[in-house]
Structure formats: C-alpha cells, structure tokens
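Reader: I would like to learn how to read some features of a protein model. Please start with the terms and then go to the case.

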Amino acid sequence: MIKIFKLFFSIIFVLVLLSSNSNAEIEYDAVTGVFESNVNAEIDYADRSKQFENIENYIKGGQVRNSDLNHYIKILINAKNELSDAKKEVDKNIGFVQKRIEALGDLPEDTEVESIAKKRQQFNQEATHYRTELAEVDILLAKINELDALISNTRNRELLGRLFDKQSPLIYPHNFFNSTKLFIGFMFDVIKSPIDWYKNLTSEQKSDVNSNILPVFLVIVLSFIVGLYLRMLIMKRFGYKNIPQPKYIIKVFAAFFVAVAYGAVPASIVLGFILWLKGTEVLSIGFFGLIVNSFLYYFLYVFLALAVSRVIFAPYNGKWRLVDVSDDRAKKIKSALYLSVTLIGVFSLLENIATRSSYPIELISYLSAISGAIKVFSFLIVSKRMFWDDALSLYAEDESDEVSIYDRGTELAGITSSKSSKVTFALSLLSVGFFAISLFGYARLSSYMINRFLLSFIMVGLFVIIRKATTEVLHRLLLLIFWTRNFKLRRRLIYKIDFWVNLIIDTFFILVVAFGLLSLWGMSKDVLFDWIRKLFFGFNIGGIEISLLSIVLGIIIFVVSITVVRILKKRLMTNILSKMDMDDGIKHSLASGFGFVGFIFAAIIAIVVMGGNLTNLALIAGALSFGIGLGLQNIVNNFVSGIILLFERPVKVGDWVVINNYEGLVKQINIRATEVQIWNGSIVIIPNADFLASSVINYTLRDRQGRIEVPVSVAYGTDVEKVRNILIEIAAKNKRVTKKPEPYVIFMRFGNTSLDFELRCFTGDIMNRLSISSELRFEINRRFNEGGIKLAIPQIIYRSAAEAGFPLCNDVNENI
C-alpha cells in the first residue's frame with residue numbers, strides 16, 4: 001500500500017512539473033552548484049525594434065528570396081514567444097506592485113508619514129517602469145503582427161503573380177491552330193533529334209558511338225537479367241504467400257516488397273544506362289541528350305507508378321488487395337490506371353523537354369493544357385471505374401424492360417444519390433473546371449490546381465492505407481493474451497482502450513493530413529508549425545490561455561488518479577477495513593468517503609494542470625451555495641445525483657431496470673434526468689435523484705445473465721417425476737438457456753385443484769427472458785399433450801349462495 005502511495009504521488013508530481021505553465025528558463029551554475037532562473041533576463045527592446053525595421057526594409061525593397069522569408073519567420077516566431085513570456089512576467093510584476101500600493105492604503109489628505117510616503121513613491125516608480133516596459137512589449141508584438149502580414153502578402157504576391165500570368169487563350173481558334181502548328185513542329189524535332197544528333201557528331205565521336213553499340217546492348221541485357229533475378233528473389237522471400245486470410249498489415253508489408261519487385265527491372269535498366277552515360281558524354285550532347293536523360297527518369301517514374309497501382313488493387317490476388325473492391329472492378333481500375341499513368345508520363349515528359357529547351361511560351365502553355373486535360377481525363381475514368389460502373393451496369397440491365405423515358409431518367413438520377421457518387425460527381429466537375437481555366441490563357445494556374453488536386457487525392461489515399469495498417473497493428477497488440485494474463489485486464493476494458501487509441505490515432509492522422517494538404521497548396525511550413533505549436537502549447541482567448549497538451553495531460557492525470565483511487569479503495573476495503581471489528585455499513589461508508597475525497601483531489605489536480613485558477617473555483621462554489629439557498633435544491637440534487645450515477649455507475653446506458661413501476665431500457669443518462677425506454681417504445685424521463693432515493697431493480701448491473709421462472713400447474717394424479725423430467729429436458733434443449741447453472745424444477749405447493757411446479761433456468765442475456773419464456777411454454781404445452789399430461793384447470797367452489805353472488809330471499813323481497 002505504501003509503495004502504491006509513493007508511486008502515485010511521484011507520478012503526479014512529475015506530471016505537474018511537466019505541465020507547469022511557468023515559462024522560466026532554469027540553468028545550472030557549475031560553480032555554485034545551484035539552479036538559477038533566467039525569467040527576469042532583460043530584453044533589449046531598442047535592438048529588437050531596429051532588427052524588425054531592417055527586416056521590413058529588406059522585404060519592401062524587393063528581390064527577396066523564399067529562404068530569407070523562412071528565416072525571418074523563424075526569427076519572428078522566436079521573438080514573439082520571448083515577448084509573450086516577458087509580457088506575462090511584466091503583468092505579474094504589475095500585479096504584485098499594485099497589491100503593495102493597495103496595502104499602503106489611500107493617500108491621506110494631510111501630510112503622510114515620511115517612511116510610508118517613500119514606500120509609496122518607490123512603488124509608484126516601479127509600477128510606472130513596468131507599465132512602460134509593458135507598452136514597449138505591446139508595440140513590438142504589434143510590429144511582429146505587421147511583419148507577419150507583410151511576409152504573407154509577399155509570398156502570396158510572388159505565388160499568385162506567377163500563377164496569374166496570362167498567355168494566349170487557346171479558346172480562340174487562331175491561337176489554338178498556331179499552338180497546334182508549334183506542337184507539330186516540336187514533335188518533328190523530337191522525332192528527328194537522333195538523326196540531327198548523329199550528324200553533328202565528329203568522326204571520332206561517331207566511331208566511338210559505333211564501337212559502343214554492342215557494349216550498350218550488353219549492359220541493357222545484363223541489367224534486365226539482374227532485374228529479373230531481383231524480382232524473383234524479392235517475390236519469393238517477401239511476396240504474396242499462400243495465406244487464407246492475411247492481416248492488413250501483412251498485406252501492406254507484402255505490397256511494398258511486391259512494388260519494389262515490379263520496379264526492379266526498369267530501375268536496373270535505367271541504373272545501368274545512367275552508369276554508362278556517366279562514363280561517356282556523347283549522349284549528353286544537344287537536344288537529343290536532353291531527351292534521353294529526361295526519358296530515363298520519366299520511364300522510371302512511370303514504371304514505379306504502375307507497380308504501385310498494381311499492388312494496391314492486386315487484380316489477380318484478391319485476398320492481398322489493399323482496397324475493398326471486387327475482382328472484376330479491380331481489373332478495370334488497374335487498366336484505367338495503367339492508361340492514365342502512361343499518358344500522364346508521356347505528356348509530362350514532352351512538357352519538361354519543351355520547358356528545358358526554351359521553346360516558345362505558347363507551345364509550353366499548349367502542352368500544359370494537354371497535360372491537364374490528360375490528368376482530368378484520368379481522374380474521370382478512374383472515378384468512373386471505382387464508383388459508377390456498378391450503378392451504370394445495373395441501369396443497363398434494365399434497358400431491355402419496357403420502362404418510360406421518365407422512369408429511366410429517374411433511375412439514372414438515382415445513380416448519383418449515394419454520398420460517394422455525389423462527392424465524386426462534384427469533384428469531377430471541379431477538375432473539369434480546373435482544366436477550363438487553361439483554355440482562357442491561365443495555363444500555370446490550371447496546371448498548379450490540377451497537380452495539387454491529384455496529389456491531394458494520392459496523399460489522402462496513402463494516409464488511409466497507413467492509418468488502417470497502424471490501427472490493425474495496435475488492435476492486434478491490445479488483443480494479446482499478455483494483458484489479460486499479467487495485468488488482469490478484462491476484454492471489455494481492452495475494447496474501450498482500443499476505441500480510445502483509435503480515436504487518438506484518427507485525430508493525429510487528420511491533423512497530419514490537414515498539415516500536408518495545407519503545405520501542398522502553398523501555405524508556409526513555418527506558419528503551420530507555429531499554428532501547431534500554439535495549438536499544443538497554448539494560445540490566448542479572452543485572456544485565458546488554452547493548451548491542448550495541458551488539457552490532454554490533465555485528462556491523463558485525472559484518469560490515472562481515479563484509477564489509483566479505485567485500486568486503493570479496493571485495497572482499503574479488502575485488506576484493512578475487512579479486518580476491523582466494525583459494522584459493514586460503516587466500512588462501506590469509509591470506503592465511499594475515501595473514493596469521494598480521492599475524486600475531488602483528482603479533479604483539483606487535473607484542473608490545476610490544465611491551467612485553471614482555484615480562485616475561480618472558489619467563486620463558483622460560493623455562487624452555487626448561494627443558489628442552493630435560494631431554491632435550487634432540487635436542481636442541484638439531480639445534478640449531484642447525475643454525477644454520482646455517472647461515476648458510481650449503479651445504472652448505466654443499456655441496463656434493464658425497474659423503477660417507479662416503470663420497466664425498460666436505460667437510453668441516456670443526463671446531468672438532470674435519465675431517459676428510460678419502456679415496452680411500448682415511449683421514453684420516460686426520470687429525475688436522477690429518484691435512482692438514489694428509491695429502490696431500483698437492475699437486471700444487468702454486473703452482467704446480462706439472469707434467471708427465468710416458468711410456473712406450471714398440472715392436475716392431481718399426474719406423475720410428478722415425469723413432469724420434472726420433461727421440464728428439465730425442454731429447458732436443456734433450448735439453445736438460449738445456459739448449461740451452467742443447470743436448469744432445475746421446484747415442486748412449489750399442493751394447490752386447491754393442482755400440483756404447482758416452477759421451472760427455473762438461466763440465460764446469458766436477460767433481455768431475452770420474455771421470448772425464451774414464450775418458447776418454453778409453447779414446448780411445454782406440446783410435450784404435455786404428447787405425454788398425456790393434463791394442465792390444471794382453475795375451479796371456483798362456492799361454499800354458499802352468497803359467495804356465488806346469488807341474492808338471498810330477504811334481498812329479493814326487498815327488491816320486490
């Protein structure tokens with residue numbers, strides 16, 4: 001017990017230190033051997049102001065580099081943090097000085113005592129000094145905000161200035177035909193580039209090329225053989241195995257190596273060719289050399305993209321597929337991706353060659369527009385294969401039916417009624433809109449938006465795969481028998497932990513994806529990192545500092561504290577109080593009181609760690625006390641009762657209870673009242689105080705196991721052993737009746753006209769007791785009829801005419 005106390009308070013102490021809101025920097029003096037605080041380190045405000053002016057002048061002077069802007073952002077972020085900490089310290093000092101001034105009292109009308117007057121003058125001078133320092137800090141913080149806006153505007157102007165450069169609009173036929181002529185001439189230059197390259201070689205270079213044809217061919221063949229060998233080796237060791245149902249993480253692991261295997265052959269060929277090119281400069285000469293070098297790299301990119309597409313959809317290995325689609329759809333998607341990747345690679349190669357060869361801007365815009373059209377086409381065809389093919393095929397099957405045009409239109413409109421279809425249709429229209437921008441002369445803007453649009457989808461898809469693999473790994477780790485064997489954790493608790501872990505992982509991945517998407521679309525990484533720092537380490541709203549890290553740490557401390565309090569409460573009850581000679585009620589009261597105090601203690605620590613002020617808590621407690629005195633007893637009673645219900649959990653959501661003559665399912669526990677759904681589906685609102693003030697029958701408090709009682713009455717003269725055997729046999733054959741505890745029969749009594757029995761059996765889910773009772777009664781009636789056992793018929797034997805309800809003679813005479 002003492003060890004647990006020591007461990008608990010040590011953990012709490014360390015966590016409180018880690019979550020402290022003090023921004024003091026502690027340094028160790030090696031000479032004196034003590035720790036010193038640098039919180040009062042002086043800031044040279046004039047030097048800071050001059051530094052900010054230099055930054056402003058440099059940015060406004062033009063010709064600023066992006067690396068310089070990133071450097072300035074880091075300087076401003078560090079300065080802002082330093083000044084914010086200084087402002088907190090100055091505010092604190094002003095508060096201290098103001099309290100000392102207030103302690104001196106009001107300034108008297110006559111002459112003040114000399115010592116007190118000197119103190120007042122000293123304190124006023126300190127307050128003036130701190131207010132002046134606070135004004136300087138506020139001025140510098142305002143300057144930082146101005147520089148942030150200036151840097152943001154500079155970056156946006158630089159980015160948008162290039163993107164909004166307008167070229168000749170291709171929507172005009174004249175411009176389109178001229179650009180087409182340039183494109184035809186460019187393609188002719190590409191085709192004849194090997195001939196021109198060879199003609200421009202010297203005789204020595206030509207002989208060198210002729211002599212290297214065979215070595216180059218051998219290098220390519222050797223690279224191909226090495227690539228095939230690597231593919232076979234990787235596929236054999238790490239590829240798809242004959243596993244009936246592989247786990248998702250195993251699928252991801254195998255998919256990675258299979259993608260590497262499929263890319264091994266082209267990678268080895270390109271590597272071999274590049275190594276040969278490094279040894280000779282002949283193929284690096286002129287336009288043809290540029291084409292060869294660009295082709296090698298794009299060739300590698302295309303084949304790697306094809307390999308990734310193949311392993312994600314695995315058209316011929318359904319059980320290893322990373323995306324849940326049918327085999328037929330996977331093959332169609334793979335074909336669409338192959339076509340899309342190849343076309344995008346070809347036209348991106350042509351656009352790169354034209355850009356690097358200084359061709360006219362009209363040709364580059366034309367190629368950019370074609371490349372954008374290919375990308376949009378690829379997105380549409382892949383989306384169609386993934387989301388629309390099934391719906392369209394179902395519609396096509398009904399075309400042979402005699403249906404009106406209106407009905408067919410209604411069915412076709414219903415194809416896009418699903419959420420995924422609507423989103424896909426909207427995104428398809430958006431991508432077409434991005435391409436349309438290029439037709440009006442904004443080729444760079446169109447290319448930028450289309451590329452970011454497709455990369456956003458790829459990024460989200462990769463994170464979905466990684467997230468699914470990560471959650472499965474953690475799920476498998478939590479389901480290991482290690483936790484139940486060594487830590488005695490119940491499966492129900494493990495599933496709760498699994499849920500919260502998945503929630504935290506999902507939140508983390510959402511933040512990472514949002515960060516990646518914002519960075520992809522042009523937002524500065526330094527600004528994003530500053531946002532994340534503020535989110536986790538604190539930001540001010542209305543003078544209140546909110547820190548996500550402190551909140552999470554406070555919740556962790558609260559959960560850990562409550563868990564330790566419950567463990568100590570259980571130990572207190574079993575190891576200490578159980579050995580004392582006192583009433584059981586007092587023992588439970590002491591244990592409950594310990595738990596209540598522990599809960600308050602945990603709540604206070606958690607609030608302090610989150611940055612709460614205990615002074616505000618005192619004000620709230622005083623206001624509540626005043627409200628209770630003014631007639632809020634009932635509301636506060638239900639409020640406190642709701643808190644007790646939520647933490648003691650005598651009743652929880654999903655329990656089947658009986659209270660105040662109402663029997664039903666607990667649907668929701670609120671702060672003031674609890675909702676119970678009864679048999680007819682109605683919701684009964686019951687105040688929380690009733691659950692504590694009255695007796696409650698909870699059928700499912702510990703578990704859902706419960707007993708079913710079926711009374712049976714038979715006629716006198718029936719073989720009672722036969723009745724018992726039949727009843728036990730009926731209960732034993734029912735699938736929803738548990739084997740242990742075993743069903744049994746009780747001979748209840750000798751009735752006036754019957755022998756009364758009661759069949760008692762148990763079920764794993766007491767919620768089904770009525771349906772099980774009904775099944776048992778049907779079977780009892782059938783078996784008794786087959787066995788010739790007669791059920792007792794209730795008989796009423798009257799001892800006199802008055803008990804039978806007949807009027808007596810004198811009553812008749814009176815009536816007459």
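Author: Begin with strands: helices (H or I, at least four residues) and strands (E, at least two) are DSSP runs, numbered from the N terminus. Two strands pair if DSSP finds at least two bridges between them. In the hairpin of β7 and β8, four residues lie between the strands, and Gly681 there takes a positive phi near 90 degrees. The model is predicted: local features need pLDDT of at least 70, side-chain atom pairs count only at pLDDT 80 or more, and totals for chains, interfaces and linings use all residues. Residues are numbered from 1 along each chain as its sequence is written, and side-chain values use heavy atoms, with hydrogens and water left out.

Reader: In what sense do β7 and β8 pair, and over how many bridges?

Author: Strand β7 (residues 673–678) pairs with β8 in the antiparallel sense, over five bridges. Opposite Ile685 in β8 stands Glu675.

Reader: What is the strand order in the open sheet of three strands?

Author: The order is β10-β12-β11, with antiparallel pairing. β10 (706–714) and β11 (744–750) are the edge strands, each pairing on one side only. β11 pairs with β12 (residues 755–763) over six bridges, and Arg749 has Asp756 in β12 as its bridge partner. Helix α22 (residues 720–733) packs on this sheet and touches β10, β11 and β12; touching is contact, meaning heavy atoms within 4.5 Å.

Reader: How are two packed helices described?

Author: By the angle between their axes and the distance between the axes. Axes are lines fitted to C-alpha atoms, for helices over the stretch in contact, and angles run from 0 to 180 degrees between N-to-C directions. The axes of α2 (residues 45–60) and α3 (residues 66–103) come within 12 Å and cross at roughly 155 degrees.

Reader: Why are α2 and α3 called roughly antiparallel?

Author: Angles under 35 degrees count as roughly parallel, over 145 as roughly antiparallel, 65 to 115 as roughly perpendicular and the rest as oblique. The crossing is at roughly 155 degrees, and α2 and α3 are therefore roughly antiparallel to each other. Residues that meet include Phe52 and Ile55 in α2, and Tyr72 and Leu76 in α3.
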